[in-house]
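These are my notebook entries on a structure that I am looking up for a reader new to it. I take the spaces inside it, then the contact between its chains.

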Protein chains: 2
Amino acid sequence: MRTNGVGGQSISYSASPQILAGGSAVGPKEGEGPLGKYFDITKDDALMGLKSWEQAETQFLLEAMEAALSNDNSKIDDMDFLLAGDLLNQLIAANYAAEKASVPYFGLYGACSTFAEALILGAVLVDGGFADKVLAASSSHFDTAERQYRYPTEFGGQRPPTAQWTVTGAGAVIVGDPPSSGGSSGPSLTIGTIGKVIDMGVKDSTNMGGAMAPAAADTIQAHLEDTGRGADYYDLILTGDLGRSGSELLIKLSADNNIDLSKNHADCGLMIFDSEQDAHSGGSGAGCSAIVTASKVLQDMASGEYGKVLLVATGALFSPTSTQQGESIPCIAHAIALENSD
Amino acid sequence: MRTNGVGGQSISYSASPQILAGGSAVGPKEGEGPLGKYFDITKDDALMGLKSWEQAETQFLLEAMEAALSNDNSKIDDMDFLLAGDLLNQLIAANYAAEKASVPYFGLYGACSTFAEALILGAVLVDGGFADKVLAASSSHFDTAERQYRYPTEFGGQRPPTAQWTVTGAGAVIVGDPPSSGGSSGPSLTIGTIGKVIDMGVKDSTNMGGAMAPAAADTIQAHLEDTGRGADYYDLILTGDLGRSGSELLIKLSADNNIDLSKNHADCGLMIFDSEQDAHSGGSGAGCSAIVTASKVLQDMASGEYGKVLLVATGALFSPTSTQQGESIPCIAHAIALENSD
């Protein structure tokens, strides 16, 4: 029976599972960006000396998971489950990471919304009494994503201004019960809002922000309606990777819904690179919201700069096959509220 | 806190969520097979008059969902969430089905184990009080899978005896609380066991059964150890799609673990086609265990032929990219117990 719902698309967590620790591992471009100082691990080689970009993506995921475990003073065997995914065909980065970590594994796919999906379901497992601690993680890699969705990077294709730059890196967090000692801990996960798939007919895989913005607007509206909260309840409403053009569209669409996001909206994709890094409309990828949340967001919440954050990770649910077949891009956004106790 | 665990990789459901109804939609070859009479919908055209095999797979998924809803006398708006996935790159069959159904959606990927993953997490959502009713569904399609993983069917490639035939079809079930009226209902979902990724180094994508059998053996062993049950506790231990060669290997590997599966093991992939249907080692695909469970298993449990069934759906977590790069095939198996009350 739905006792932990607040209605509609949203669920509430009665025991307030917390983010106990986060870990992030990023590539050189991300390390050189404005958030560089927040990351646990920055590699100077996006290939990490391995044979393929795909193997490197798996390694980023493993190192982010290890960083989260280290920050929690725990071991992989303390984790009941891993919930993870990435952008690749059949989630091979996450699958190989799960194999190497040897932990019971739920593979999730929500494109760039995967990290929020993992947080929502991870918190469900902890709050429902099915787990003590879980790892929620996701990754992306510029070169694996370009090879898969657009052109191999060796091709040197021109990128339009709406194109985004897929983040190379992975983020992982540990979700668990509040420490019984009452000691220091991270923000509580209080409410999750599960997105519907929204498709406005965009077919341009170099304009993901424009495709995804309507899904973000829809989920934010559902979250606020379900909870009775206003947008100003949150210190920060943080979208995953709408980029410049998508963020502008989200603010406009939300204004049409009588929701004012002009004061407290930020986008992980716009935070991660600066304008001189040639990332066009901003960063993107399943790693984008993961590395920002697992680093800067957690640190800013620990310092008290932010007390209440709504993470709204967006995903473009297309595939190389659907692009070739001329289908439009279905999109989704999942939201989860991170709140410090007052 | 882990109050609903029975230890190890397994979780137990304290409120015993039930499968309230199932629905199945299959292609012509599946309809002509030994289980034909059990399915809700059989199409005489695997393309369903649409433009692409991929569009047809989405349609199979939608029709299976509609059949389950019809069998439950409910509507899509009565479902809190859809948990679904398929074998395609980025889950496009499930994504487009979720878009058309307009229901909050969790995309899951576990290859051919996806249906069990959806059942486990769907039951978690219901048992934990996060949902009244959810739809758990998965699909596959022979032509979409061949195009994606091996050769386009037009190529006419020769298939070795270990090759399996991807099932064209989709299965969906509705998971919810037992009816408060105490009226008729389906089996309870009692215990789920979440698999680890197992990789024995198999690289042959035409021998999926052989690659997946060690994962099935591992999860069955974990389930029995976690629960203290013997294999003979179950009337039926039903693997998803090991096929002939994989089933033989599973029985041998389990015997090495001192687990005797020789008396009560069956495999959905071996049930779905007969030997004259040229399906070689048997059926496979994310639709395989879904259509068998949502039809014959539920009907045989309703009639009392089976009281306790352990569904063990196996998945080969490889991708076209990993095959091209010469990587081995990581595999997983998730198990969930379906039990009639005594």
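How much space lies in the largest cavity? I find about 180 Å³ there, where a cavity is a set of points, on a 1 Å grid over the protein atoms alone, at which a 1.4 Å probe fits but cannot get out, and a volume is the space filled by probe spheres set on the points, which are joined across faces, edges and corners.

Before going on I note that this is a predicted model, in which local features need pLDDT of at least 70 and side-chain atom pairs count only at pLDDT 80 or more, while totals for chains, interfaces and linings use all residues. Residues are numbered from 1 along each chain as its sequence is written, chains are lettered from A and ligands numbered from 1 in the order in which they are written, and side-chain values use heavy atoms, with hydrogens and water left out.

**Cavity.** I looked for cavities of 30 Å³ or more, and the structure holds one. The largest cavity is lined by 19 residues, a lining residue being one with an atom within 4 Å of a point, and Arg150(B), Thr166(B), Met208(B), Ser284(B) and Phe318(B) lie nearest the centre. I sorted this lining by class into 10 nonpolar, six polar and three charged residues; Ala, Val, Leu, Ile, Met, Phe, Trp, Tyr, Cys and Pro count as nonpolar, Asp, Glu, Lys and Arg as charged, and the others, Gly among them, as polar.

Next I looked up the largest pocket, whose volume is about 450 Å³; a pocket is an open set of points with protein on both sides within 12 Å along at least five of seven lines. Of the 30 residues that line the largest pocket, Glu146(A), Arg150(A), Arg159(A), Ser205(A) and Thr206(A) are the closest to its centre. The largest share of this lining, four residues, comes from α5(A), helices being DSSP runs (H or I, at least four residues) numbered from the N terminus. By class I count 16 nonpolar, 10 polar and four charged residues in the lining of the largest pocket.

**Contact between the chains.** With contact taken as heavy atoms within 4.5 Å, I find 65 residues from chain B and 65 residues from chain A taking part. The area buried between chain B and chain A is about 5200 Å², with 57% given by carbon and sulfur atoms; this is the accessible area (1.4 Å probe) that two parts lose on being put together, summed over both.

**Salt bridges.** I count two salt bridges between chain B and chain A, each being a side-chain nitrogen of Lys or Arg within 4 Å of a carboxyl oxygen of Asp or Glu. Arg2(B) pairs with Asp80(A), the closest N and O atoms being 2.7 Å apart, and Asp80(B) pairs with Arg2(A), where the closest N and O atoms are also 2.7 Å apart. Over all chains, my search of the whole structure finds 19 salt bridges.

How values were computed: Helices (H or I, at least four residues) and strands (E, at least two) are DSSP runs, numbered from the N terminus.
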